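Let's take a walk through this model together. Have the view ready, and we will go from one site to the next.

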Amino acid sequence: MRWSETGRWNGKVTSRPLPECDPSIDALSDDDRATLVSVWHARAATERRVADSFTLVSHALRELNAAADLIALSDRAIDDEHRHAELSRYVASRYAGKELDYPPLLPFSAPKHTQASDELRHTLHVLGQCAFNETIASAFLEACCEHANAPLAKAACRELLSDEIDHARIGWAQLAASPPVVRNQIVAWLPSLANANLRMWRESPRKYPSRELFAGHGAPSEPVIAGALATAFRELIIPGFEHLGMPTGALHTWMDAECVAKSPVKITEHRLQ
Ligand SMILES: [Fe+2]
Ligand SMILES: [Fe+2]
């Protein structure tokens, strides 16, 4: 796996050098260190899979004759996600105390959206990855940054966040540029897009105990993650559609039914601080 010499940081994985020394890692027990190895190694796998998703987004944007700067940003996002995979692999290696290989590739399958026209399906692919998934990722990483206090993990989370915000903007910018007829068609798809993304985030394997210790190393607890997901929908995604004049009644109904009632924790009790 290799990221581009002409990518965002000209061949570097991060904007700034990462801390070479992190005594908080040395202070961990072997068991806790192993848990954090698995967390960051799993993150390398999911970041790598997102690179495949952005290949689809770049294709969709070209098919939609999107603005050149959006296509360029999506092409850069493919490279960004490869850097994220390397960054996560590197962090996992630091916790392991030895160089780790990449985890096995996770398969990516494009959402089919069989009932949609070609144009609508391309738009849904862009929205699903960018407006939904990357906006959620941004809220998740904000929570990671807020709770992280280990120097390496905090720096890594900041680097990831700075890219995911750009990736989310691709979706919102493309939606703003879409003709009203396409936006009207999208409205009926919003709950299923929201549901698919929420399900994916909820089903991410996190089989470790919720402990402040892990949150300090970039692995926040389930309640914090649930709060970040709710924040993403309530304060970013739904207002984003409303800002563009799109009806969100069905999305609100979905949120009340799925995101609140079925949340493992009461969202209102676990908002980001
Ligand atoms: Fe990423
Ligand atoms: Fe991303």
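Predicted model: local features only at pLDDT ≥ 70, side-chain atom pairs only at ≥ 80, totals over all residues.

Residues are numbered from 1 along each chain as its sequence is written, chains are lettered from A and ligands numbered from 1 in the order written, and side-chain values use heavy atoms, without hydrogens and water.

Now look at the iron ion (ligand 1). Its protein donors are Glu47 (OE), Glu81 (OE), His84 (ND1) and Glu164 (OE), at 2.0 to 2.2 Å; donors are N, O and S atoms within 2.8 Å of the metal (3.2 Å for Na, K and Ca), and since water is not among the atoms, sites may look incomplete. Along the chain these donors are spaced E-x33-E-x2-H-x79-E.

The iron ion (ligand 2) sits 3.5 Å from the iron ion (ligand 1), and Glu81 coordinates both. Glu47 belongs to helix 2 (residues 30–63) and Glu81 to helix 3, so this pair ties together parts 34 residues apart in sequence; helices here are DSSP runs (H or I, at least four residues; strands are E, at least two), numbered from the N terminus. Glu81 is buried at 0% relative accessible area, and Glu47 is buried at 8%.

For the iron ion (ligand 2), the coordinating residues include Glu134 (OE) and His167 (ND1).

Key: Buried < 20%, exposed > 50% of the residue type's maximum accessible area, 1.4 Å probe, protein only.
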